[in-house]
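Thanks for coming. I have one structure to go through today, and I will keep to what can be computed from the model.

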Amino acid sequence: MADIDVKLDRLTIHHAELARAMEAGGATNPQGFVKLSKEYAELTPVVESIAALRKAQSEVADLEALMNDSSTDAEMRQMAEQEYKALRARLPEIENRLKLMLLPKDEADERNAILEVRAGTGGEEAALFAADLFRMYQRYAEGHRWKFEVLQYSDTGIGGVKEAQAVISGRGVFARLKFESGVHRVQRVPQTESSGRIHTSAATVAVLPEAEEVDVKIEDKDLRIDVYRSSGPGGQSVNTTDSAVRITHVPTGIVVTQQDEKSQHKNRAKAMKILRARIYEAERERQAAERAASRKNQVGSGDRSERIRTYNFPQTRVTDHRINVTLHKLDRVLEGEALDEIIEALIADDQATKLAEME
């Protein structure tokens, strides 16, 4: 407890130092003032929680002293005991709220996200399921009043999608969607199946934090850019000019293709946006792997090969295998309405794991 008290003292002192620095340098250095203001605003609720905790701890100590004082009359002691019990019951909640605030922040949480959905094993049924997932995230974004901009949509011509990508913009997008990366499995009777047998197929989802140019430095010499004519479902040509773009980042081997736009320039810009995000995420994963080398349970590993969720249509259930949560609300989950119930449970589990590591 002594270590945490020292940390809390440092945060309180730093908060006061920030206030003084803002008063002293605001007029002479506007850019520095903005940076200080942001840090001060982020730290203020933490310092307020520290003050609330210390006030409660002080009151508990005062009440203990009052109860143990032989000169305290019976009525006063009874009142002190009631107040003492109430405060002791509230202390864990105050402490837990503060601990959550002190958890290491994922710097990408406030970023926009790039969503990538791909059909996996299962042929056309997998492509139809991938389209269902892409629509689910679009509806979820609309429900949160986020902007959903489709970057690429490679459809099969009969309602399915081989691959689709979108940028989802808004407040805290990545924080809520980062646990969606992995293999999503579906169990249902395909419309084309006359015998009514249940088929199992899959789609993969990747959620990447959007990266700015300042986050990832990409040298022109590290890029190999190929242009070609775009094609539609079944391979038919949909463009008479070489507008499709394939960009290979040679150092990492990451390849991105874009062909949805008629303009080569627009396709290149979209491809670079995705490339930056993939390079940024690859570096984040490398750093996370180093930090979590000793951690066995990591909900947010983002492993694309991990089967994370099953959507069972005959039983109208959705099961997230990482936290053993099952909802019998499949339709509402696919509408984006009940997806938050799973996401909230994943966030809570991740926070509980991190809190346990702080002990």
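First, the ground rules. This is a predicted model, where local features need pLDDT of at least 70 and side-chain atom pairs count only at pLDDT 80 or more, while totals for chains, interfaces and linings use all residues. Residues are numbered from 1 along each chain as its sequence is written, and side-chain values use heavy atoms, with hydrogens and water left out.

The chain holds 8 helices and 11 strands. Both are DSSP runs numbered from the N terminus: helices are H or I with at least four residues, strands are E with at least two. Of the 359 residues in the chain, 41% are buried. Buried means under 20% relative accessible area, exposed means over 50%, and partly exposed is in between, with a 1.4 Å probe and protein chains only. The chain exposes about 20000 Å², and carbon and sulfur atoms supply 50% of that area. These areas come from the Shrake-Rupley method with a 1.4 Å probe, and for residues only the protein chains shown count as cover. As for contacts between residues at least 6 apart in sequence, 61% join residues at least 24 apart. Contact here means heavy atoms within 4.5 Å.

Two strands count as paired if DSSP finds at least two bridges between them.

Which strands does S1 pair with? Strand S1 (residues 113–119) runs antiparallel to S5 (residues 199–209), with 7 bridges between them, and antiparallel to S3 (residues 161–169), with 6 bridges. Val117 stands opposite Ala164 in S3 and opposite Val205 in S5. Arg118 stands opposite Thr204 in S5. S1 is largely enclosed by the rest of the structure, because 5 of its 7 residues are buried.

The other sheet is open too, with 3 strands in the order S6-S7-S8 and antiparallel pairing. Here the edge strands are S6 (223–228) and S8 (254–258), each pairing on one side only. S7 (residues 244–249) pairs with S8 over 5 bridges, and the bridge partner of Val245 in S8 is Gln258.

On to the cores. A nonpolar core is a set of buried Ala, Val, Leu, Ile, Met, Phe, Trp, Tyr and Cys residues joined through side-chain atoms within 4.5 Å. The largest has 59 residues, and those touching the most other members are Leu115, Leu133, Tyr137, Leu177, Leu275 and Tyr311. Helix H4 (residues 123–143) gives this core its largest share, 9 residues. Setting aside residues up to four places away in sequence, Leu115 touches, among others, Phe134, Tyr137, Phe148, Ala164 and Val205. A second, separate core has 19 residues, including Ile50, Ala56, Leu63 and Leu87.

Is His184 buried or exposed? His184 is buried, with a relative accessible area of 0%, and lies in strand S4 (residues 182–188). Its side chain reaches the backbone oxygen of Glu180 at 2.9 Å. Beyond neighbours within four places in sequence, the contacts of His184 include Phe129, Leu133, Tyr137 and Tyr311. Phe129 is 55 residues from His184 in sequence, with a C-alpha to C-alpha distance of 9.2 Å.

Gln258, in strand S8, is also buried, with a relative accessible area of 0%. What does the side chain of Gln258 make a polar contact with? The partner is the side chain of Gln152, at 3.1 Å. A polar contact is a pair of N or O atoms within 3.5 Å; within protein, one must be able to donate a hydrogen and the other to accept it, and residues adjacent in sequence count only if both atoms are side-chain atoms.
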